[in-house]
Amino acid sequence: GPRRSRGSPIMPISRADGEKFGKDWMAAFAAGFTENNHPVTLKPFLADKLTWDWSDGTKGEGEPAGKDGPCTKMSETWGAMVDSFNLPTFQTVVDTTNAKVIMTGPLIINVTGPGSLVPNQLVHNPICFVMTLDDKGKATKWECYWDNEDPGMAKALGNVMAKMPKQ
């Protein structure tokens, strides 16, 4: 059975379990953009308490779908701005000892804004997810890295912001 690493509170995972998590996570994450419903699509993958840290400065600790949780943030930001998320190929690295699943690859997103304010703004910006899993195979830490200064992404987001109703 699984054994604890000396001095580590984390239970190791198998490479097969980590690769399955990565494949299933990416499918669920991409699916969340279709209906802007990441709290639903990601629920099976996230522990009840989670920490998160993303390249755009989004970070915190708490319930994934809570008021300030990452799934809620997704629906208010990226989920509302992006109508498709396509990672045509990605690589998964499994750190079996520390129960981390790292997924990275060439991301293509279509930044249209809510209700397709600006159609067909494809942005290519590679992405990396680092997920730390608990002994139930659910993520307790969600790190996400990308080039937050990518000029194509900044232009697409600016085009959407310019068309959004003033509040």
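Ala 31 belongs to helix α1, which spans residues 15-35. Its relative accessibility is 36%, so Ala 31 counts as partly exposed. Between Ala 31 and Gly 62 there are 31 residues of chain separation, and the C-alpha atoms of this pair lie 23 Å apart.

Lys 23 is also placed in helix α1. Because its relative accessibility is 58%, above the 50% cut-off, Lys 23 counts as exposed.

The protein chain has a mean pLDDT of 91, and 93% of its residues reach 70 or more. Residues 1-8 have a pLDDT below 50, and this stretch makes 9 contacts in the model beyond near neighbours in sequence. Where pLDDT is low, the predicted coordinates should not be read in detail.

## The largest pocket

The largest pocket holds about 270 Å³ of space. Its lining consists of 15 residues, and those nearest the centre of the pocket are Ile 13, Asp 17, Leu 133, Lys 136 and Gly 137. Helix α1 contributes the most to this lining, with 4 residues.

Sorted by class, the lining of the largest pocket comprises 7 nonpolar, 2 polar and 6 charged residues.

## The cavity

Rolling a probe the size of a water molecule over the atoms shows where empty space is left. The structure contains 1 cavity of 30 Å³ or more, and the volume of the largest cavity is about 190 Å³. Around the largest cavity there are 16 lining residues, of which Trp 78, Phe 85, Leu 107, Ile 127 and Trp 146 lie nearest its centre.

Several elements take part in this lining: α1, β3 (82-86), β8 (127-133) and β9 (139-146) each supply at least two residues. Strand β9 gives the largest share, 3 residues. By class, the lining of the largest cavity has 15 nonpolar residues, 1 polar residue and no charged residues.

## Cysteines

The count of disulfides in the model is 0. Cys 128 takes part in no disulfide, and the nearest cysteine sulfur, that of Cys 144, is 7.8 Å away. Because a disulfide requires sulfur atoms within 2.5 Å, a separation of 7.8 Å leaves Cys 144 in no disulfide with Cys 128.

Both residues fall under the 20% cut-off for burial. Cys 128 has a relative accessibility of 17% and therefore counts as buried. Cys 144 is buried as well, because its relative accessible area is 4%.

## The loop between β6 and β7

Thr 112 is placed in the loop between β6 (108-111) and β7 (122-124). With a relative accessibility of 1%, Thr 112 counts as buried. Not counting residues up to four places away in sequence, Thr 112 touches Met 81, Asp 83, Leu 117, Val 118, Pro 119, Asn 120 and Val 160.

Ser 116 lies in the loop between β6 and β7 too. In contrast to the buried Thr 112, Ser 116 is partly exposed, because its relative accessible area is 40%.

## Residues with positive phi

Most residues other than glycine have a negative phi. Ser 116 has a phi near 55 degrees, a positive value in a residue other than glycine. Ala 99 likewise has a positive phi, near 55 degrees, and is a residue other than glycine.

Ala 99 is located in the loop between β4 (91-95) and β5 (100-105). Its relative accessible area is 0%, so Ala 99 is buried, whereas Ser 116, at 40%, is partly exposed.

How values were computed: Residues numbered from 1 in each chain as written. Predicted model: local features only at pLDDT ≥ 70, side-chain atom pairs only at ≥ 80, totals over all residues. Heavy atoms only, no water. 1 Å grid on protein atoms, 1.4 Å probe; cavity = no way out; pocket = protein on both sides within 12 Å on 5 of 7 lines; lining within 4 Å. Points joined across faces, edges and corners; volume = space filled by probe spheres on them. Nonpolar A, V, L, I, M, F, W, Y, C, P; charged D, E, K, R; others polar. Buried < 20%, exposed > 50% of the residue type's maximum accessible area, 1.4 Å probe, protein only. pLDDT = per-residue confidence, 0-100. Contact = heavy atoms within 4.5 Å.
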